[in-house]
Structures are given as C-alpha cells and as structure tokens.
Amino acid sequence: MRGRPAWLWILLVIAGVGLVPVVMTDAFFLRLFTEALMWIGLAITWDIMAGYIGYLNFGHGVFFGVGAYTTALFIVKAGVPFGPAVALGGVAAGLTALVIGWPTLRLRGAYFAIGTWALNRAVGQLALVLDITGGADGMRLPPFLRPQFFSWVMLGVVGATFLVLWLLLEQAPFGLKLKAIREDESGSLAIGLNPAWLKLQAFVLSAVPAGIIGGVYAYWITFIDPSSTLGDLITDQATVMAVFGGLGTLIGPVIGAILFFAFKTYFWAYLSDYQVLYLIILGLAIAATVLFLPDGFWGTITKRQEGRRALHKGLALKETTET
Amino acid sequence: MPEPVLKVEGVTVTFGGLVAVDSVSFQVAAGEIVGLIGPNGAGKTTLFNAVSGYYKPTRGRISFLGRDVTGRQPYALAAGGIGRTFQIVKPFAGLSVLENIVVASYLRHPRQAAARRKAWEVLKFIGLGDRADLPAAGLTLAGRKRLEIGKALALEPKLILLDEVVAGLNPTEADQTVRLILKIRDAGMTILIVEHIMRVIMKISTRIIVLNYGRMIAQGKPDEVARDRQVVEAYLGESADATDGSTS
C-alpha cells in the first residue's frame with residue numbers, strides 16, 4: 001500500500017494542478033491560484049516544527065521575508081538571474097534558522113517560541129532602518145509580468161516541498177523520530193535520539209522552502225516592503241491555516257490553507273470596509289480551533305489526535321520533563 | 001578477571017544541598033542480574049539516572065566496558081550499549097506500539113525496512129505482537145511496562161537498566177515479566193534492576209546492592225543481604241533490642 005503508488009499519486013495531483021493555469025488564464029484567477037499555493041507552502045513548512053515536534057514557531061514569516069529580501073537584493077543590486085537569486089533566498093533563510101535555532105532549540109519549552117517571535121520583529125526592524133533594503137519604502141524588482149509562469153514556478157516549489165516533506169516525514173525514519181520528540185522529549189534521549197540536533201535539522205528544513213517561496217513572491221509581486229514580507233500576518237495566517245487544517249499531518253495544512261485562503265479572499269472582496277474585523281476573526285478562529293477542534297479539520301474527520309498532542313506540547317499544557 | 005560491564009566508583013549526586021547518592025561504588029559483571037534495592041527515597045532512581053546519563057554525577061566515575069563514560073549524554077550511552085526503562089513509564093503515547101519500537105530500532109538499523117523487521121522481532125520477544133497497531137496509550141500498565149522493556153531491547157544493549165518493571169502488576173503479569181527478564185539474561189544481556197517487590201528481586205538477582213539515604217549499606221548474594229542487620233533495620237526500623245543494646 002505504501003511506497004510507489006502513493007508518491008505516484010502525489011506527482012499526478014501536482015501535474016493535474018499544473019494544468020489549471022493552462023485552462024484558466026484570467027489574470028485575477030492566476031493571482032489567487034498562485035497565492036493559494038504560496039500559503040499551502042507556508043502552512044506545511046510551519047507544521048514541521050509545530051505538528052511533528054510540538055515547537056511553535058511564532059516567526060515563520062521571517063524566513064519568507066529573508067528569502068524575499070535576499071532574492072530582491074541579488075536581483076536588483078547584483079544582477080543575479082531569478083533562479084540562482086531564489087536559491088540564495090532559500091540558503092539565507094536556512095542560515096537564519098541555524099542562527100536562531102542553535103541557541104533556542106537546545107532548550108525546551110517557550111524559549112523557541114519567544115526567540116522566533118523576537119527574531120521576526122528584529123529582522124522586520126532591520127529591513128525598516130537599513131538603506132540597502134530601502135527602509136519603509138521597500139524594494140522594487142524589475143517587472144516580469146507573466147502570471148502563468150509564476151503560477152508554475154510556485155507550484156513547482158510548493159509541490160517539490162510537499163514531496164520532499166512527504167518522503168522525509170511520512171516515509172523515512174526522520175518523521176517518526178520527530179514525533180517521538182513531540183511525544184516525550186526526555187524519553188527520546190534514552191532511545192539514542194539527540195533532540196537538539198534533530199530539531200535543528202527540522203527547523204532548517206522548514207526554513208529553506210519558506211525562503212524560496214519568499215523569493216518567488218518578491219519577483220512575482222515585483223514590490224516588497226517590511227510590512228508585506230516581514231509583518232506578523234505571514235506567520236499568523238500560516239499558523240491559523242495549519243492549526244485549522246490539522247497539525248502533525250501533511251494534508252491537514254494543505255486543506256486548512258485552501259479553506260482559509262478562500263475565506264480570506266471572500267472577506268477582502270466583500271467586506272473590505274471592515275478590515276479591522278479580519279484580524280479579530282483571525283484571532284477568534286485560532287482560539288476557537290485550539291479549544292474546540294484541537295485535531296484540526298483533517299485530524300477530526302480521520303480521528304487522528306496528532307493535532308492535540310502537538311498543541312499540548314507546543315503550549316506546554318503537558319509537563320513532559322520529569323524523569 | 002574480565003573487565004566488568006559497569007563500574008561505578010565513588011559516585012555522588014547532589015541536588016543543591018541534598019545528597020541523593022553518596023559515594024556509591026559497585027561493579028556489574030557480564031551476564032549478571034544485579035538488584036538495586038532500598039526504601040523509598042534511597043537514591044535508586046537517581047543512581048539509575050546517573051548511570052544512564054540523565055544526571056551528571058557531582059563526583060565519581062562511571063565506566064562502561066572499560067571506558068570512562070561519566071557525564072556522557074543519554075543518547076551517546078544508548079549508542080554505546082546502555083538501554084534503560086523509566087519508573088514512570090514513558091511510551092510515546094500518540095504512536096502505535098509498533099512505531100514505539102521502530103523508532104528505538106533506528107539506532108542500530110537506520111533503514112526503515114530493517115528497523116521494522118527488528119521491531120517485529122522485539123514485539124514477539126516481549127509478547128506484544130498482537131497489539132502492534134494499537135496506540136501505546138491504549139495498553140494496560142503491564143503492557144506499557146513491557147513496551148518500555150521492548151524499547152530498551154530494540155537498542156540491542158549490552159547492559160539494560162530496568163526501573164521497577166514489576167511493581168504495580170498483578171501476580172500473573174508479574175510472573176510473565178519475570179520470565180521476560182530471565183529471557184533477556186539468557187539472550188546475553190547484563191541487567192541492573194531496581195525493584196520493590198522482594199519476592200521478585202530475591203528470586204532473580206545474582207547479587208543485590210542495598211541503598212539507604214543515598215549510601216550503599218550492603219551488597220552480596222540475596223540470602224546474605226536478607227540476613228544483613230543494617231538492611232533489616234533500613235526496611236523495618238531499628239529493633240527495640242538493638243536500641244537498648246547500643247545505649248547500655
């Protein structure tokens with residue numbers, strides 16, 4: 001049952017989704033399509049730390065932002081072509097994860113959540129004050145107005161990310177090791193696991209694709225500024241999507257991202273006069289999900305309890321440090 | 001004389017001002033089952049945690065197979081060949097029984113297929129083969145304790161530390177677990193076991209070490225230890241005669 005058929009299915013679905021921009025060429029639709037893919041990518045990568053290990057990353061958006069700015073800087077200041085520039089965005093995001101993960105992931109509990117939140121704030125401020133990033137004015141990239149092209153690039157990046165995560169988290173030993181840390185971090189030491197090292201690997205794994213997605217976003221939208229790429233909203237929305245969809249699974253955050261993105265789009269289309277309401281709804285949605293649907297949409301219908309276990313650990317509802 | 005599997009020399013563990021284990025020394029030879037007993041709070045679990053790397057000894061030296069391993073991390077000791085169970089059982093509750101063993105098997109079998117084969121072997125050995133796909137949280141206490149042993153066995157250890165794997169079980173379950181422990185010894189592993197149930201520890205141990213208030217007060221064959229005056233006092237309190245005798 002496992003193995004070849006499953007990954008063939010994943011490739012088929014990705015290829016099937018790739019046909020959509022061929023049929024639907026309306027610019028507005030393609031924009032929504034590409035953005036939905038982008039949120040799927042951010043939600044599944046956020047879930048690596050939160051769902052599989054139970055470590056809440058309150059600054060996931062920083063990788064998106066670092067990727068976006070790095071790509072923009074290499075394109076604008078150094079004339080590097082789009083492909084390598086995006087790859088460099090992923091590398092920069094990975095290095096950022098190493099720098100913040102190294103000190104915070106050797107500790108348990110809230111240090112990681114606080115550290116990632118602070119990092120996002122700090123990098124946002126940095127982009128705001130530096131000359132090279134254009135401060136509050138942001139950066140303009142040379143326009144490359146091919147909506148179809150970007151929808152395929154985004155699909156390629158997100159599809160490849162999904163496939164890699166599926167192989168690593170659902171097929172390879174790595175995923176089960178991460179879940180063991182989520183279930184009992186001190187117990188995991190006794191079976192030969194080094195949680196600090198595994199968490200750092202997982203953190204970099206979650207950061208690199210987010211950085212690449214940020215890089216693609218920058219070239220696609222052609223304009224970035226601190227609030228659009230390093231604001232709280234990136235992290236907050238990815239969080240709501242993943243939690244709502246179902247933590248600790250790969251499908252859950254995908255479903256959560258699609259449903260929540262659809263809601264967001266309708267909201268902005270019809271209720272844009274009530275913008276402040278959106279943030280309130282976002283906050284209520286996450287609180288209600290944690291309280292009433294801890295396993296998320298997917299977890300609830302498949303009766304998997306990974307979501308609540310991840311939240312229990314992430315929110316330190318369960319003391320797991322006694323020996 | 002062959003190198004002992006485990007050599008504990010003058011190990012002291014303090015928490016702030018509290019001396020939990022006070023310069024304890026002993027050795028465990030290959031193939032032995034050494035029982036570690038003592039009243040509640042005697043420092044048995046603390047000593048276990050020091051030997052398995054969870055606590056760093058304040059003083060003293062721990063050698064495993066002739067190598068100094070004092071202060072090594074638990075995962076490094078697991079890789080070196082020390083497996084342990086926990087008094088408060090720690091199954092990975094959200095994972096299935098099989099997955100619990102598989103994740104421990106990765107240490108010696110990094111590939112998925114080999115780890116699963118090893119895990120099935122261990123599951124059959126501990127008698128949980130029919131419950132492989134059950135969530136670990138759904139097992140009875142006896143089942144969870146055997147799963148703990150299984151996780152330690154999957155590491156293919158040379159020395160296995162069993163922390164109260166019998167306590168809390170009914171007589172039938174206890175007998176099953178005792179048989180399992182003897183099977184583990186017969187498979188060539190050396191065992192250090194903490195246990196409260198005297199009937200069990202006296203029956204299976206080749207040697208017994210008695211701790212009281214963090215100090216080792218006796219060691220020897222089970223029947224010797226059972227007759228030791230200090231041991232009897234530690235468990236039952238000083239006898240009226242002894243008190244009289246010392247004051248007169």
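This is a predicted model: local features need pLDDT of at least 70, side-chain atom pairs count only at pLDDT 80 or more; totals for chains, interfaces and linings use all residues.
**View 1. Strands S9 and S10 of chain B run antiparallel and are joined by five bridges.**

**View 2. An open sheet of six strands in chain B has mixed pairing.** The strand order is S6-S7-S8-S3-S9-S10. From one strand to the next, the twist averages 20°. Helix H1 (residues 44-51) of chain B lies across S3, S6, S7, S8 and S9 of that chain, and the helix runs at about 150° to S7(B).

**View 3. Strand S7 of chain B is mostly covered, with five of its five residues buried.** Leu159(B), Leu161(B) and Asp163(B) point one way from the strand, while Ile160(B) and Leu162(B) point the other way. Ile160(B) takes part in both pairings: Gly83(B) has Ile160(B) as its bridge partner in S7(B), and the bridge partner of Ile160(B) in S8(B) is Ile191(B).

**View 4. Strands S1 and S2 of chain B form a hairpin with two residues between the strands.** Strand S1 (residues 6-15) and strand S2 (residues 18-28) pair in the antiparallel sense over seven bridges. Within this pairing, Val13(B) has Val21(B) as its bridge partner in S2(B). In the hairpin, Gly16(B) takes a positive phi near 60°.

**View 5. Helices H5 and H6 of chain B have axes that come within 11 Å.** H5 spans residues 141-154 and H6 spans residues 171-186, and their axes cross at roughly 10°. With angles under 35 degrees counted as roughly parallel, H5(B) and H6(B) are therefore roughly parallel to each other. From H5(B), the contact involves Ala142(B), Lys145(B), Arg146(B), Ile149(B) and Leu153(B), which meet Glu173(B), Thr177(B), Leu180(B) and Ile184(B) in H6(B). By class, this contact has five nonpolar, one polar and three charged residues.

**View 6. Chains A and B meet in a contact that takes 26 residues from chain B and 20 residues from chain A.** On the side of chain B that touches chain A, helix H2 (74-80), helix H3 (97-105) and helix H4 (112-126) each supply at least two residues. This side of chain B divides into 18 nonpolar, four polar and four charged residues.

**View 7. Helix H7 of chain A and helix H3 of chain B have axes that come within 10 Å and cross at roughly 110°.** H7(A) and H3(B) are therefore roughly perpendicular to each other. Leu176(A), Lys177(A) and Ala180(A) in H7(A) meet Glu99(B), Val102(B) and Val103(B) in H3(B). The residues of this contact divide into four nonpolar, no polar and two charged.

View 8. Leaving aside residues up to four places away in sequence, Ala43(A) touches Ala238(A), Met241(A), Ala242(A), Gly245(A), Pro253(A), Gly256(A) and Ala257(A).

**View 9. Helix H15 of chain A (residues 306-314) has eight of its nine residues buried, so it is largely enclosed by the rest of the structure.** The buried residues are Glu306(A), Gly307(A), Arg308(A), Arg309(A), Ala310(A), Leu311(A), Lys313(A) and Gly314(A). Their cover includes H2, helix H7 (173-183), helix H13 (275-292) and helix H14 (296-302) of chain A. Just after H15(A), Ala316(A) takes a positive phi of about 55°.

Definitions and conventions
Residues are numbered from 1 along each chain as its sequence is written. Chains are lettered from A and ligands numbered from 1 in the order in which they are written. Two residues are in contact if their C-beta atoms, placed from the backbone, lie within 7 Å. Axes are lines fitted to C-alpha atoms, for helices over the stretch in contact, and angles run from 0 to 180 degrees between N-to-C directions. Helices (H or I, at least four residues) and strands (E, at least two) are DSSP runs, numbered from the N terminus. Angles under 35 degrees count as roughly parallel, over 145 as roughly antiparallel, 65 to 115 as roughly perpendicular and the rest as oblique. Ala, Val, Leu, Ile, Met, Phe, Trp, Tyr, Cys and Pro count as nonpolar, Asp, Glu, Lys and Arg as charged, and the others, Gly among them, as polar. Two strands pair if DSSP finds at least two bridges between them. A residue is buried if 20 or more other C-beta atoms lie within 10 Å of its own, exposed if 12 or fewer, and partly exposed in between; C-beta atoms are placed from the backbone.
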